[in-house]
Every structure is written in structure tokens, then in C-alpha cells.
Amino acid sequence: MNDISLLAQQAIRAFEQKLAIYGITPVIHFELEGGYQPKKVDGKVKHNLLNYSQINQQLNKLHIQGELKPEYWRNQWEYVSHFNGQSPLTEAKNLAKTMQVLPQLFKQQGIDEVLIKPVLWSGDQARLLTGCENIFSANSQAVHIPNAVQINVSANNEQGHNMVPEHDFGEILQQCLLTTSNSCCLIFLPEEEAFKRIQLKQHFQLDAELSSPDNISGGHQGSIALYKQFGKHNQPMGQTPVIYGLNENALVYSDNWQSTSRVEHRLGASSIHYCPFTNVAFALANLVDAVDIYQNLKLSAQQYQQAEFVPQNLPVSLYDTEPEQSGAITLFEQETWFAERINATVNILKDAAHSTSKKDKTAIIDEFPNDLGTQLKHAILAKYQQTPVFR
């Protein structure tokens, strides 16, 4: 495990401890999309022959709390984590392990190439009829398929209730993520092809076929979406069947959208360079900010008014495209929030340790260096060996 992952794990533990002071349990879940090259039978490509049940049995044996299922496009899959109450650190470990073992599990079925990458170039040939949402034309033309890593963020209070639907906490959390995502996009867009994914629709006229995000936007359908009563496709949230009719068709549902409310960050790109630990640290840093804002507003009895967020374009590259247009590396190098939030959290924990037992105080001080956030930021930037680069 590299320095970035180890430092990010320390940051995750620090944030978990900080939230525990408030009696808050963070809830993080991942969804990862990817693809594979189909195997050939008698010289012909055979699609959709993957045995997902076999792979999921192997994931279960490895104690990974998630499963693989087919995605929308042929030869595209999605890993979805289970809601088993696992900690954010465990969730990050689950995804990291999944990304490591999937090539082996696919190979057991005769599939040699697993694609954990931002774009499946010419991944399919199906184009929609003009004006249709689900009817494909007879004409074949390459579709470049984007692969995302989505991270869902929520939190439970001391009573075990989801805080996202509570007053304006969900809106505050969404606003925090909207505010920090541009300058920190290097964390979830870790390679150059990730920026090509963001620009697919505009460069290849794929607006009809692709619903992937291409900017930073809010609401309940944007790239950083707040799901309360309604989800991304305007579907009611939290519906559970309670009465079934013939053919096991659900007739009556119970509604508990409050339990499934969350903020979904949909901007991440699938990549072998994607670090689950750093991304969980990023999500928790925003959650800590949201809790601090929410607690202060509650204490002062002020009403939170969410500022309307204007959709914002992401940088077009890792690198500066011209002196006036900064790339993701420069933006992250210049921003200060991420490292400062981690460092401040460590300092808060050390202050709190003075009122605890000597054993607990030593454990906290020894585990977290004062400049943990600064070290993590420098480790991330070192991977790119930042120099002034223009395209």
C-alpha cells in the first residue's frame, strides 16, 4: 500500500473520531462502473456471457460488502456496495480490494481484459433514434461509454436517524461538495482520460445516449445530487413493497424516503489511479464542514438559506492549457481547504485528548501527525511531478 493510501486512511480515522464527538456516524457508499473485452467463441464475439453470480460468490468469500451487476451498455458492469453499516474506512477497503481482484475473477471465466478506465472507446454501436429515450436506430455508429465512480454521502445522528432530510442539513452538505469539487477535482479525476470522459457528449454528439455529468451542478439531477423525496430519474425514494399481487407484482408500497436520503457525488471517473481512501477523506472533510455549519446554525437559531448554485465547468485537463486556464494539478496545488481541514481536525482531536485518559491521549497524538493534511496533499501532488506544463 502506497503513502497516499496510508496517509488518507489516517485522515479517514481522524474524521471518524471528530464526528464521533458529535455523536454522528458517517455513511459512505461506492458505485464503480467498468467494462471488459468479451470472449470469442468459434472466432465470433459473444456478448453478455459473464456469470455475475460466480463473481459475487467470490467477492463474498473475500468479505467484500458489495456485488457486481450488469450495467446499461453491453460488456459494461457496475460494482455496488451493500448497505451493511460498514464504516467509511471499511467501505474504502472494500472498493480497493474489489479493484485489485476483479481481473483475477474475470480471468476465471476466460476473460483476459477488465477495463477500469474512464472511457470505453467504441464500447458499443447502438445509437438512439432521434427524439427517443429507449428506442435504438438500425444505424450503427460508435458510442464512447463513460465509466463513473459515484460516492454516496450521508450521516446518522445519535438516535440512528439519517440527518440528510433533517431541516437543511442535506442542502448544506450538497453546497459544501459543490464548493470544493472544482479545486479538488484531481482527487476524483486522477488521469488525463478522465477529462475526456467529462467532454464526451459535446465532442461526439452523444447527448441522447449518455446521461453522464459534464459539469458541477446541484439539484436532485445534477452531478452532485441531493436525493430526498425523489431520485435522479424523478422516481420516489425509499419505496418498499408490502403487498404483492399475482405474479409477485407489488401492489402497495411503504414510503420511507428519509432513510435513503443522501448526496450523491457523480463526478468521479473510473480509473486504476482512483484512490478510494483519498476520495473517502474528501467526502468526510465535506461532511465535517457541513456538520460544523449545521451545528452553529442550530445553536444560533438562524435559518440556513442555500445560495443558488450556478453550474460550473471543470478544467479540461490535468495540465494548464494556457497561462490563464489552470489544469487540475495547478488548482489542487493552489487550494488550501483540503489540507487545512485535515490538519484542523487533528488539532481538535489532540485538544480533546487532554480531557481523556493518558492512554487514549497518547494513542491519538501518536497516530496523527500535526501536518497530516499537508503530507497527504504533497503525496498526491508528488505522483504527478508537477512542473509548468501547457498543451
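**A hole inside and a helix crossing**

Ile4, Leu186, Ile187, Pro190, His273, Cys275, Thr278, Asn279, Ile380, Lys383 and Tyr384 form the lining of the largest cavity. Bear in mind that you're looking at a predicted model.

**The cavity**

- How many cavities of 30 Å³ or more does the structure hold? There are 2.
- Sort the lining of the largest cavity by class and you get 7 nonpolar residues, 3 polar ones and 1 charged one.
- If you wonder how such spaces get found, rolling a probe the size of a water molecule over the atoms shows where empty space is left.

**Where H1 meets H11**

- Helix H1 (residues 3-21) and helix H11 (residues 337-353) have axes that come within 9 Å and cross at roughly 55 degrees.
- Because of that angle, H1 counts as oblique to H11.
- Is the crossing of H1 and H11 left-handed or right-handed? It's left-handed.
- On the H1 side, the contact uses Ala11, Ala14, Phe15, Gln17, Lys18 and Ile21.
- H11 brings Arg341, Ile342, Thr345, Val346, Ile348, Leu349 and Ala352 to the contact.
- Taken by class, the contact of H1 with H11 has 9 nonpolar, 2 polar and 2 charged residues.

Conventions
Residues are numbered from 1 along each chain as its sequence is written. This is a predicted model: local features need pLDDT of at least 70, side-chain atom pairs count only at pLDDT 80 or more; totals for chains, interfaces and linings use all residues. Side-chain values use heavy atoms; hydrogens and water are left out. On a 1 Å grid over the protein atoms alone, a cavity is a set of points where a 1.4 Å probe fits but cannot get out, and a pocket is an open set with protein on both sides within 12 Å along at least five of seven lines; lining residues have an atom within 4 Å of a point. Grid points are joined across faces, edges and corners, and a volume is the space filled by probe spheres set on the points. Ala, Val, Leu, Ile, Met, Phe, Trp, Tyr, Cys and Pro count as nonpolar, Asp, Glu, Lys and Arg as charged, and the others, Gly among them, as polar. Axes are lines fitted to C-alpha atoms, for helices over the stretch in contact, and angles run from 0 to 180 degrees between N-to-C directions. Helices (H or I, at least four residues) and strands (E, at least two) are DSSP runs, numbered from the N terminus. Angles under 35 degrees count as roughly parallel, over 145 as roughly antiparallel, 65 to 115 as roughly perpendicular and the rest as oblique. A crossing is left-handed if the near helix is turned anticlockwise from the far one by less than a right angle, and right-handed if clockwise. Contact means heavy atoms within 4.5 Å.
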